[in-house]
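User: I'd like to learn how to read helix packing and pockets from a model. Can you take me through it?

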Amino acid sequence: LMLHYFFKKTLIGKAMRATAVNRRAAALAGISVNRITLFSFAFSGALGAVAGIIIAPISTTSYDTGIMLGLKGFAAAILGGYGNFAGAILGGIILGLLESLGAGLVSSQYKDAIAFFVLLLVLFLKPTGIMGYGEAERV
């Protein structure tokens, strides 16, 4: 909710969205594109650090800890509709529920495989995701 508010209501969030869509138009509108790009990288690093702080107490430490978390996050984003905040949240909740139900009903050894099976199903049946919308074709 805070990210949604940040990107939709604050001046810096709107400048970040404008810069992401069209750098030249954002520069013509008076936005310092280089400063916004630098802020975007710093902001994403800070969000990654907060995510690491949150996940560290509940996961074991090894060199490849983030790979499975990143792949499951990608699967949740695709399931919900890539580029849609509400869709990513809904996709994460659905994927977590399916993994928990699969671990309880089938076997806990298949918990990771369920996420990727759901990802493949979504990519084959509805590539735009649950809340995604088709891309308009430009002529």
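User: Which residues in α5 meet which residues in α7?

Analyst: Keep in mind that this is a predicted model. From α5 come Met68, Leu71, Lys72, Ala75, Ile78 and Leu79. They meet Lys111, Asp112, Ala115, Phe116, Val118, Leu119, Val122 and Leu123 of α7. By class, this contact has 11 nonpolar residues, no polar ones and three charged ones.

User: How is the geometry of such a pair described?

Analyst: Two packed helices are described by two values, the angle between their axes and the distance between the axes. Here, α5 covers residues 65–80 and α7 covers residues 111–125. Their angle is about 35°, and the axes lie 9 Å apart.

User: Is the crossing of α5 and α7 left-handed or right-handed?

Analyst: The crossing is left-handed.

User: Now Glu99. Where does Glu99 lie, and is it buried or exposed?

Analyst: Glu99 lies in helix α6. Its relative accessible area is 10%. Buried means under 20%, so Glu99 counts as buried.

User: What is Glu99 in contact with, beyond its neighbours within four places in sequence?

Analyst: Its contacts are Lys72, Lys111, Ile114 and Ala115. Look back at the helix pair: Lys72 of α5 and Lys111 and Ala115 of α7 also belong to that contact.

User: Which helices supply the lining of the largest pocket?

Analyst: α1 (2–9), α2 (11–21) and α4 (33–55) each give at least two residues. The largest share is from α4, with six residues. By class, the lining of the largest pocket has nine nonpolar, four polar and three charged residues.

User: How much space lies in the second largest pocket, and what lines it?

Analyst: The second largest pocket has about 310 Å³ of space. Its lining has 13 residues, with Lys8, Gly83, Asn84, Phe85 and Ala86 nearest the centre. Both α1 and α6 (85–105) supply at least two lining residues. The classes are seven nonpolar, four polar and two charged.

Note on methods:
Residues are numbered from 1 along each chain as its sequence is written. This is a predicted model: local features need pLDDT of at least 70, side-chain atom pairs count only at pLDDT 80 or more; totals for chains, interfaces and linings use all residues. Side-chain values use heavy atoms; hydrogens and water are left out. Axes are lines fitted to C-alpha atoms, for helices over the stretch in contact, and angles run from 0 to 180 degrees between N-to-C directions. Helices (H or I, at least four residues) and strands (E, at least two) are DSSP runs, numbered from the N terminus. A crossing is left-handed if the near helix is turned anticlockwise from the far one by less than a right angle, and right-handed if clockwise. Contact means heavy atoms within 4.5 Å. Ala, Val, Leu, Ile, Met, Phe, Trp, Tyr, Cys and Pro count as nonpolar, Asp, Glu, Lys and Arg as charged, and the others, Gly among them, as polar. On a 1 Å grid over the protein atoms alone, a cavity is a set of points where a 1.4 Å probe fits but cannot get out, and a pocket is an open set with protein on both sides within 12 Å along at least five of seven lines; lining residues have an atom within 4 Å of a point. Grid points are joined across faces, edges and corners, and a volume is the space filled by probe spheres set on the points. Buried means under 20% relative accessible area, exposed over 50%, partly exposed in between (1.4 Å probe, protein chains only).
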